[in-house]
Amino acid sequence: MRVIAVSTLKAFWEHPSHRDSEAALKSWLAEMHQGSWKTPAEMKAQYANASVLKGRRVVFNIKGNDYRLVVAVAFSFQAMYIKFVGTHQQYDAIDAGTVELK
């Protein structure tokens, strides 16, 4: 699967207060690049802790739930678009179903 806006993740893990997220986000990226899910159910079967939302949105817990990652997945195109990456506290302040990159 292609991940669009990887630069957003890189900018996040390079921020001094989020450096501890780098290994976990790189691991997540590697797993996504290897994946080829055709439905949300297939993705959920592999990532039981992920939350599948309406509007093709999926929320992943990163680094033991220290961080949250929201993506929109286009299964037919085998692509996902980063919509949000942040701390759990920052995640609680957004609407995961409508959040967009700034």
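1. K63 is partly exposed, with a relative accessible area of 33%; here buried means under 20% relative accessible area, exposed over 50%, and partly exposed in between, with a 1.4 Å probe and protein chains only. The model is a predicted one, in which local features need pLDDT of at least 70 and side-chain atom pairs count only at pLDDT 80 or more, while totals for chains, interfaces and linings use all residues. Residues are numbered from 1 along each chain as its sequence is written, and side-chain values use heavy atoms, with hydrogens and water left out.

2. The side chain of K63 meets that of D20 in a salt bridge, at 3.4 Å from N to O. The term denotes a side-chain nitrogen of Lys or Arg within 4 Å of a carboxyl oxygen of Asp or Glu. D20 lies in the loop between α1 (6–14) and α2 (22–34), and K63 in the loop between β3 (57–62) and β4 (67–74), so the pair ties together parts that are 43 residues apart in sequence. D20 is partly exposed, at a relative accessible area of 40%.

3. By the rule stated above, the count of salt bridges is six. Side chains of opposite charge can pair when their charged atoms come close. One of the bridges joins E22 and K26, whose closest N and O atoms are 2.7 Å apart. Both residues belong to helix α2 and are four residues apart, about one turn of the helix. E22 counts as partly exposed at 28% relative accessibility, and K26 counts as partly exposed at 42%.

4. A further salt bridge connects K83 with E100, with 2.8 Å between the closest N and O atoms. This pair links distant parts of the chain, since K83 is in strand β5 (residues 79–87) and E100 in the segment after α4 (88–92), 17 residues apart. K83 counts as buried at 15% relative accessibility, whereas E100 is partly exposed at 44%. Elsewhere, salt bridges that share partners join D20, K63 and D66 into one network.

5. L9, located in helix α1, counts as buried at 0% relative accessibility. Leaving aside neighbours within four places in sequence, L9 is in contact with L25, W28, L29, L69, I82 and V85; contact means heavy atoms within 4.5 Å. The C-alpha atoms of L9 and K83 are separated by 10 Å, although the two residues are 74 residues apart along the chain.

6. The protein chain contains four helices and five strands, in the order β-α-α-α-β-β-β-β-α from the N terminus. These elements are DSSP runs numbered from the N terminus, with helices (H or I) of at least four residues and strands (E) of at least two.

7. Regarding overall dimensions, the radius of gyration of the protein chain is 13 Å, which agrees with the value near 13 Å for a compact globule of 102 residues. That radius is taken over C-alpha atoms, and the globule rule is 2.2 Å times the number of residues to the power 0.38. The C-alpha atoms fill a box of roughly 35 × 25 × 25 Å along the principal axes. Of the 102 residues, 39% count as buried. Among contacts with a separation of 6 or more, 45% are between residues 24 or more positions apart.
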